[in-house]
Amino acid sequence: MEGIEGDGRGRGERSSNRYSLKPSRVANEDILICLDVDPQCLVEMKGATGPNGRPLTRLDSVKQAIILFVNAKLTINPQHRFAFATLSNTISWVRKDFTSDIDSTIAAMRGISASSSAGPPDLTVLFGLAAHEAKKSRVQGRIFRVILLYCRSSERPQYQWPVNQKVFTLDVMYLHDKPGPDNCPQEVYDTLVEALEHVSEYEGFILESGQSLARVLFRHILTLLSHPQQRCIQEYLDIPKSIAKKVPQVEPMATEDTAPIATQ
């Protein structure tokens, strides 16, 4: 494929302001999905129940959303690979081997449960694992991404990481309670934004919801299907589109000025 040339004004003619757009290949992804299993993941979601009529928790809904995400991502490109970990005080592997098998994802989700963690979590180990795996991915011509699903409203995560070491991209999905005397979701969100900007190689997205609605979680997780190498900056993101009621157009009535003139 040859570069696309033009004069900067939408025409292909030669000029002194000619530019060239070099072709580039979008790399396959290795994606580490990390679920927060703090007891706050057991908060019930609104209007969502399981097969037995039991209300779904955040953790239940997150597991469903991850299976939906992985299945959709593999439909787009079956060469993407996934591994899974959990976050309590620190990081634990659930499935360390990266695979493109959807059945492996389903089995990993079944094996995850809430923990009894206490104290603020440390993301340093997560970033270290991601950097180590990212180097292996890069040798294979792949890029590495971490998706963190965080659900604590009162505990800001801690981390220590070099400013100049950006070898993977971080996305965050933050589920939280409403602000109150016992929590500080805004401060937690700000800390997550700082972490994302501190470590991300490409544009990382942070999406949040305090509504406890499963449909909002699913909508946000599908936004993360976007490939890091093909993203705009998040403030320009305008998906998903809102579904607005379309007002039917009414044909203007004919008047004396607009009435057609009959001819013989």
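Because the model is predicted, local features were considered at a pLDDT of at least 70 and side-chain atom pairs only at pLDDT 80 or more, while totals for chains, interfaces and linings use all residues. Residues are numbered from 1 along each chain as its sequence is written, and side-chain values rest on heavy atoms, with hydrogens and water left out.

Helices (H or I, at least four residues) and strands (E, at least two) were taken as DSSP runs and numbered from the N terminus. Strand 3 (residues 29–36) is mostly covered, eight of its eight residues being buried, where buried denotes under 20% relative accessible area, exposed over 50% and partly exposed the range in between (1.4 Å probe, protein chains only). E29, I31, I33 and L35 point one way from the strand, whereas D30, L32, C34 and D36 point the other way. Two strands are regarded as paired if DSSP finds at least two bridges between them. By this criterion strand 3 runs parallel to strand 8, to which seven bridges join it, and I33 has I147 of strand 8 as its bridge partner. Strand 3 also pairs in the parallel sense with strand 6, again over seven bridges, and here the bridge partner of I31 is F82.

Salt bridges were assigned where a side-chain nitrogen of Lys or Arg lies within 4 Å of a carboxyl oxygen of Asp or Glu, and the count comes to 13. One of them joins D30 and R81, with an N to O distance of 2.8 Å; this pair links strand 3 to strand 6 (residues 81–87) across 51 residues of the chain. D30 has a relative accessibility of 1% and counts as buried. A further salt bridge, at 2.9 Å from N to O, is formed by R152 and D36. Since R152 lies in the loop between strand 8 and strand 9 and D36 in strand 3, the pair ties together parts that are 116 residues apart in sequence. The relative accessible area is 0% for R152 and 3% for D36, and both residues are thus buried. R152 additionally forms a salt bridge with E155, the closest N and O atoms being 3.1 Å apart, and E155 is likewise buried. Salt bridges that share partners also join E29, K73, R145, D171 and R231 into one network.

Helix 4 (residues 185–199) comprises 15 residues and reaches 21 Å from its first C-alpha to its last, close to the 21 Å expected at 1.5 Å a residue, the expected span being 1.5 Å times one less than the number of residues. Its buried residues are P185, V188, T191, L192, A195, L196, H198 and V199. These residues cover an arc of only 165 degrees around the axis, which puts them on the same side of helix 4; the arc is that of the directions from the helix axis to the C-beta atoms. The elements that cover them include helix 3 (124–139), strand 8 (143–150), strand 9 (169–175) and strand 10 (206–209), contact being defined by heavy atoms within 4.5 Å.

With a disulfide defined as a pair of cysteine sulfur atoms within 2.5 Å, the count comes to zero. The sulfur of C41 has its closest cysteine sulfur in C151, at 5.1 Å, which is too far for a bond. Both cysteines are buried, with relative accessible areas of 1% for C41 and 5% for C151.
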